[in-house]
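Hello,

Here is the structure I promised to pass on to you. Please open it beside this email, and I will go through what turned up in it.

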Amino acid sequence: MKLTLKDGKIIEFSEKLTAGDAAKSISEGLYRNALCVRVDGQLKDLSYTLDKDCVFEVVTFDDEDGKAVYRHTTAHVLAQAVKSIYPTVKLAIGPSIENGFYYDFDFVSKLGTEDLEKIEAEMNKIIKANLPIERSVLSKKEAAKAFKEFGEDYKLELVNDLPDGSEVTVYKQGDFVEMCRGPHLPSTGKIKAFKLVSLAGAYWKGSEKNKMLTRIYGTAFLKKADLDEYLTALEEAKRRDHNKLGRELGIFMTDENIGQGLPLLMPKGAKILQILQRFVEDEEEKRGYLLTKTPLMAKNNLYKISGHWYHYKDKMFILGNEETDDEVFALRPMTCPFQYSIYNNGLKSYRDLPKRYAETATLFRNEASGEMHGLIRVRQFTLSDGHIICTPEQLEPEFKGVMDLIYFLLRSMGLTEGVSFRFSKYDPNDKEKYINDPVAWERSQAILKSIIDNMGIEYEEAVGEAAFYGPKLDIQYKNVHGKEDTIITVQIDFALAEKFGMSYIDENGEKKLPYIIHRSSIGCYERTLAMLIEKYAGALPLWMCPEHARVMSLTDRTIEKVKELQLRLNAAGIRTAIDVRNEKIGYKIREGQMEKIPYMLVIGDKEAESGVVSVRSRNDGDLGVMTVEEFIALAGKKISERDCK
RNA sequence: GCUGAUGUGGCUCAGUCGGUAGAGCAGUUCACUCGUAAUGAACAGGUCGGGGGUCCGAUUCCCCCCAUCAGCUCCA
């Protein structure tokens with residue numbers, strides 16, 4: 001029997017043996033770290049019997065699969081511990097996830113955070129006992145019978161969902177049995193460092209129609225030091241959290257009397273958004289967009305035509321009552337039908353196309369109360385919204401134009417690293433959410449796919465993430481908690497033009513339906529700001545800082561000079577504030593540093609006399625003295641170039 | 001909306017096993033006029049998230065709201 005190793009080396013064995021023994025004989029060191037193996041690319045337990053030629057690979061914790069197996073086994077230990085402390089609990093599922101694992105339980109009584117320690121103690125007992133983990137195979141029937149006996153309703157449901165005649169693998173450790181595809185570590189004692197991190201609710205099978213179970217999150221590492229490092233990194237990440245940092249820096253606040261999801265942008269935050277908005281609107285104008293300004297509300301008729309009323313009525317802020325009022329209004333949740341109405345004003349020829357409409361749109365969406373999060377999910381927000389109405393031939397170049405604008409903006413903000421692309425498609429089985437026109441869906445998805453493939457964009461496909469009227473290309477960004485959000489989206493709409501009676505006259509004098517691209521350029525300003533705060537830990541690139549420089553007096557003798565310099569810098573396009581309080585310079589510097597002011601300029605008697613300034617950068621510390629002209633050149637260049645370093 | 005947690009001066013937090021609260025920072029005033037991440041002193045600042053209930057008495061116990069955080073679900 002020949003085993004082909006990863007490096008191409010071939011090892012021969014005279015008789016069959018377990019994967020663990022094979023690994024052991026190949027390399028003592030590697031074996032010590034082997035968690036499981038890959039046989040012909042398939043993950044197997046160390047107890048797996050090798051009986052024919054194969055490609056053989058040892059899987060360690062350095063391997064993503066190895067981490068997953070290690071953590072998955074920890075999840076089993078968690079389940080065993082919970083089961084032994086709370087015998088009435090019912091088990092659901094417990095997979096490994098990025099950076100850890102979770103397990104869902106159905107508890108009879110409530111579980112509190114303080115119970116986690118008790119569970120950890122029990123887990124430690126199980127690990128110390130070093131119970132062997134044994135795999136066996138049951139028929140569907142046998143498994144169903146066993147889980148029914150144990151009263152494991154959720155496991156039973158999972159078994160019953162399997163096709164008839166299929167086999168079920170179960171893993172046994174001590175008196176604890178768990179249905180699982182595996183593989184697993186050979187024994188519970190292999191787990192060295194773990195921690196239960198948090199407690200949360202989660203719906204059975206991910207559907208809110210089902211019962212909410214109790215989910216316990218945890219993580220596990222090979223070494224205690226690695227676990228500690230991971231937990232410290234989590235704490236570090238929280239320090240960058242825009243929701244904390246943004247409030248500390250005076251960028252935004254909330255007020256319980258104003259309401260959930262309604263952040264107030266304070267002077268600094270408002271200034272940043274103004275800077276970004278001017279930048280985006282100017283850039284859009286350069287690229288042939290026409291600015292519109294449309295109402296913040298409309299009669300519900302409008303949303304009935306678009307279909308939004310039927311899809312999203314319960315997420316709209318409605319003014320009036322359909323039963324009793326002649327007219328019912330709703331705050332706008334999107335801009336599309338307003339710009340379509342503008343398009344429809346006057347007959348359009350193919351010569352008029354493409355029409356590129358853009359608007360910095362205030363939108364309102366009544367998000368569920370538990371969804372709100374800082375500046376990322378809010379009920380009122382500002383979207384750089386826009387619609388391009390074009391002929392079929394113009395669709396691809398226009399889409400490319402949109403992507404070019406988006407790249408330009410992302411680059412200007414230094415956000416190109418860390419974004420990923422998602423091709424969001426419809427779900428053919430979801431007749432509720434999507435317009436029922438499979439032919440149009442397939443056609444428009446094929447068009448979008450061909451465009452983005454031609455552009456060489458790497459993306460993930462996501463079924464069931466499309467808008468109800470068409471497929472999307474979403475630009476995704478991860479926040480400090482690792483949660484991914486869409487920051488920008490570009491959509492192809494095959495449905496709404498017809499609903500709104502939009503048309504153009506083609507070369508042959510025939511009336512045609514245009515294509516529509518729904519697009520954002522910088523996304524939702526509030527959310528983009530949140531991502532910027534987290535990316536730069538509050539120290540935003542100079543060009544978008546509300547305060548570029550702060551001039552500080554060393555003593556009261558130089559206050560007048562400080563004020564003069566402020567005027568001069570402001571005139572040169574450098575947003576400048578002053579600090580002439582009667583405080584020590586170290587104190588003023590410390591404050592400026594904590595507020596992440598890019599440049600702090602100090603004027604004492606020496607500078608005042610020779611007409612220079614002492615410059616300190618928030619990143620590089622004291623830069624020494626320079627003339628005012630030199631400073632203006634230095635800062636001015638970085639501002640105009642939108643230097644993000 | 002659901003699960004769990006949290007809510008005490010502008011901020012960070014302590015405290016009260018039921019007898020109307022305390023610190024540090026920030027603020028104000030005074031002194032110091034100072035050289036690149038905190039000068040010193042004094043003063044001022046709180047309906048203990050809101051509303052009900054129990055009690056002689058509630059910030060503390062109970063109920064209902066509101067807001068905040070993590071997760072689930074949702075996201076045109």
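Helix H18 (585-594) gives the most to the surface near RNA strand B, with seven residues. Here a residue is near a strand if one of its heavy atoms lies within 4 Å of it, and helices (H or I, at least four residues) and strands (E, at least two) are DSSP runs, numbered from the N terminus. Please keep in mind that this is a predicted model, in which local features need pLDDT of at least 70, side-chain atom pairs count only at pLDDT 80 or more, and totals for chains, interfaces and linings use all residues. Residues are numbered from 1 along each chain as its sequence is written, chains are lettered from A and ligands numbered from 1 in the order in which they are written, and side-chain values use heavy atoms, with hydrogens and water left out.

**Around the RNA**

In all, 59 residues surround RNA strand B, and the closest are Asn 243, Ser 369, Glu 371, Asn 582 and Ser 614. Other elements that each supply at least two residues of this surface include strand E14 (193-203), strand E15 (212-221), helix H8 (242-248) and helix H19 (605-610). By class, the surface divides into 18 nonpolar, 18 polar and 23 charged residues; Ala, Val, Leu, Ile, Met, Phe, Trp, Tyr, Cys and Pro count as nonpolar, Asp, Glu, Lys and Arg as charged, and the others, Gly among them, as polar.

Which parts of the RNA face the protein?

- The side chain of Tyr 203 has an N or O atom 2.3 Å from a base nitrogen of RNA strand B.
- The side chain of His 373 has an N or O atom 3.1 Å from a phosphate oxygen of RNA strand B.
- A polar side-chain atom of Lys 584 is 3.5 Å from a sugar or linking oxygen of RNA strand B.

**The chain as a whole**

Chain A has 20 helices and 35 strands, and its C-alpha atoms fill a box of roughly 85 × 75 × 60 Å along the principal axes. Of its 645 residues, 50% are buried, where buried means under 20% relative accessible area, exposed over 50%, and partly exposed in between (1.4 Å probe, protein chains only). Among contacts (heavy atoms within 4.5 Å) between residues at least 6 apart in sequence, 68% join residues at least 24 apart.

**Pockets and a cavity**

On a 1 Å grid over the protein atoms alone, a cavity is a set of points where a 1.4 Å probe fits but cannot get out, while a pocket is an open set with protein on both sides within 12 Å along at least five of seven lines; lining residues have an atom within 4 Å of a point. Points are joined across faces, edges and corners, and a volume is the space filled by probe spheres set on them.

The largest pocket has a volume of about 1600 Å³. It is lined by 45 residues, with Tyr 312, Arg 365, Glu 367, Arg 377 and Lys 472 nearest its centre. Strand E27 (484-493) provides the largest share of that lining, seven residues.

The second largest pocket has a volume of about 770 Å³. Of the 25 residues lining it, Ile 97, Ser 198, Tyr 217, Tyr 230 and His 481 are the closest to its centre. Helix H7 (224-240) gives the most to this lining, with six residues.

There is one cavity of 30 Å³ or more, and the largest cavity has a volume of about 160 Å³. It has 14 lining residues, and Lys 268, Gly 538, Pro 546, Glu 595 and Lys 596 are the closest to its centre.

Is Ser 617 buried or exposed? Ser 617, in strand E34 (residues 612-617), is buried, with a relative accessible area of 5%. A polar atom of its side chain lies 3.0 Å from the backbone nitrogen of Asn 619. Not counting residues up to four places away in sequence, Ser 617 touches Pro 598, Tyr 599 and Leu 623.

Ser 450, in helix H14 (residues 438-454), is partly exposed, with a relative accessible area of 34%.

Happy exploring!

Notes:
Polar contact = N/O pair within 3.5 Å; in protein donor to acceptor, adjacent residues only side chain to side chain.
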